[in-house]
Amino acid sequence: MGLGRTLWAIILIKVLIIFGVLKIFFFPDYLHENFTTDTERAEHVLTDLTQMPTEK
Amino acid sequence: MDQLNLTMVNWARAQFALTAMYHWLFVPLTLGLSFLLAFFETLYVKTGKEEWKRITRFWMLLFAINFAIGVATGIILEFQFGTNWSNYSWMVGDIFGAPLAAEGIFAFFLEATFFAVMFFGWERVSKKTHLFATWMVAIGSNLSALWILVANAWMQYPVGMNFNPAKARFEMANFWEVLFSPVAISKFTHATTSSFQLASLFVVGISAWFLLKKRHQNMAKKSIIVASVFGLLSSAFVIFTGDEAAYTNARVQPMKLAAFEGLYDGEAGAGLVAAGIINSKKKPGDNQDPFLFEVKFPGLLSLLANRETGSFVPGINDLVYGNKEHNIMGVSEKIANGKIAIELLSQYKKALKENNPARAEKALANFNNYKEYLGFGYLASPEEATPPVALTFYSFHIMVILGTLFPIIFLLFLFYALKGSIIQKRWLLRLGLFSIPLAYVASQAGWIVAEVGRQPWTIQNLLPVSVARSNLTPGTVQTTFFLFLVLFTILLIAEIRIMLKQIQIGPDFSGMPEDD
């Protein structure tokens, strides 16, 4: 395979893995998955901001 | 109330660091080599000599390999914001929206449009149009970096914004203040000029290899001259912008400055450590020596931090425990103020829920008096405000030592190349080749100083990493950490193998008199 084709193959496979696998199966948007409105999201973040982190 | 998980936070930090460091293996070469391509091609258009065209095309091929393998690796960092760092992502959405949109509109499209012309347009457009495209790729790539670095600089020095507690968001108040903050300026100029240095060493190093192998010597010598001049000029800017970055650190992130110098007890006329071994058992507030061994330049740290050799530079102990003589508030007091800010935020939230606007307004007015300490309220102890000192110290000194060595290398290469005796200096050619990995080490070390040195903050003084994260289990983040490790390692191996193969093949001088 020539250099041009190799590079295009790398780009396509990589983009497929990044957007087709990683984004869909491993990187959901946490706030969009768990809350339906921006008000709920803001409320959730504000709740986190008003509590202290502790070691688990 | 669910408990926040710090184990997850540490895995998420490790994952972000891994991804950012791999991503930064590809970026600096793109930033710097794009300008070198523009220089080589300008020489071709000015002189009309076919040889410069072939030289340009050879380096363009290596640029294409680096670009193809590196492209889209940065998008994974944005995925991580939404998944692992959702609180942070939510809070900065309004601030980052503007610079990232600007990147998309002005820089990315500029870069992408002209990329196609640069790579595939040699025989399709006029010489001048092609040259214009190559310059636009260089400018576009560096403009892309500008917006990302502005966003990063804002986290180090959050200016031009207001915190809106009702939305739990930082909102943009002044775009220009964000764009032209001193941290943004020094970060952009230092990151780009050091990338120019890296790319110049890349060209010098590979050309040195050709000279060692006695192949394409004419091309190698010409490339060395152009890259050495660019490298030397870049080095001057790197020193200037590095000095500016340290001066800015002293103003807005004094803890980072103290950490990268291993300075525990502040002093007037503070010395700059030339070389030293950190005492790993040393903790803030104890009586142990910070160093097992050290060599200092007297007064230089004060000069670097304040432009005055006799001035006072606060150390880690001054910043953690306070120093009344120099009017430095200790972290204990900041934590107390931060807890009041959190309590007032809590009262505000409760008042909103109970639909009591009068109480909400009162809580908000009081919160505004304490909001600058908000982040400290989440710290468990004053010592938690200290970043990892040894890692920050060694990274800074590796970066500075290598950054001092590079201009000497450029100067030697330029001198012997112009004198015509570069081929006989085999030690220098070997040093040039070896300087390629050193350039990457220096570049990575710079980012370690910038990012590890500002821990525990995601947003300086306002949001520690422990609160910026999502409520995920460590296992989820561990899985993706190892996925990235495998994916990026494959990409890195691919880059090195393809690059080495293409260098081995060398430039195409077919149809021209042999240059060897």
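Before anything else, a definition: I call a residue buried if 20 or more other C-beta atoms lie within 10 Å of its own, exposed if 12 or fewer do, and partly exposed in between, with the C-beta atoms placed from the backbone. By that count B:Asn327, with 7 C-beta neighbours inside 10 Å, is exposed.

What we are looking at is a predicted model, in which local features need pLDDT of at least 70 and side-chain atom pairs count only at pLDDT 80 or more, while totals for chains, interfaces and linings use all residues. Residues are numbered from 1 along each chain as its sequence is written, and chains are lettered from A, with ligands numbered from 1, in the order in which they are written.

Let me begin with chain A. Its pattern along the sequence is α-α-α, that is, three helices and zero strands, where helices (H or I, at least four residues) and strands (E, at least two) are DSSP runs numbered from the N terminus. Of the 56 residues of chain A, 23% count as buried.

Now to where the chains meet. The contact takes 30 residues from chain A and 38 residues from chain B, two residues being in contact if their C-beta atoms, placed from the backbone, lie within 7 Å. On the side of chain B that touches chain A, the elements giving two or more residues include α1 (6-47), α4 (86-120) and α12 (331-353) of chain B, and α17(B) gives the most, with seven residues. Sorted by class, that side of chain B has 24 nonpolar, twelve polar and two charged residues; here Ala, Val, Leu, Ile, Met, Phe, Trp, Tyr, Cys and Pro count as nonpolar, Asp, Glu, Lys and Arg as charged, and the others, Gly among them, as polar.

Helix α5(B), residues 127-156, has 30 residues and reaches 44 Å from its first C-alpha to its last, close to the 44 Å expected at 1.5 Å a residue; the expected span is 1.5 Å times one less than the number of residues. Because 21 of its 30 residues are buried, α5(B) is largely enclosed by the rest of the structure. For α7(B), the 31 residues should span 45 Å at 1.5 Å a residue, and the end C-alpha atoms, 44 Å apart, agree with that. This helix too is largely enclosed by the rest of the structure, since 26 of the 31 residues of α7(B) are buried.

What does B:Leu149 contact, leaving aside its neighbours within four places in sequence? The answer is B:Ala184, B:Lys187, B:Phe188 and B:Ala191. B:Leu149 is also among the residues that touch the most other members of the largest nonpolar core, which has 152 residues; such a core is a set of buried Ala, Val, Leu, Ile, Met, Phe, Trp, Tyr and Cys residues joined through C-beta atoms within 7 Å.

Turning to the strands, β1(B), residues 161-164, and β2(B), residues 169-172, run antiparallel and are joined by four bridges, and strands are said to pair if DSSP finds at least two bridges between them. B:Phe163 has B:Phe170 in β2(B) as its bridge partner. The two strands form a hairpin with four residues between them, and B:Ala168 in the turn has a positive phi of about 55°. Is β5(B) well covered or hardly covered? Strand β5(B), residues 291-297, is hardly covered, as the count of buried residues among its seven residues is zero.

Last, the backbone. Most residues other than glycine have a negative phi, and most peptide bonds are trans. B:His216, in the loop between α7 (182-212) and α8 (217-252) of chain B, has a positive phi of about 45° although it is not a glycine, and B:His216 is buried, with 22 other C-beta atoms within 10 Å. Finally, the peptide bond from B:Gln455 to B:Pro456 is cis, with omega near 15°, and B:Pro456 lies in the loop between α15 (426-452) and β7 (457-459) of chain B.
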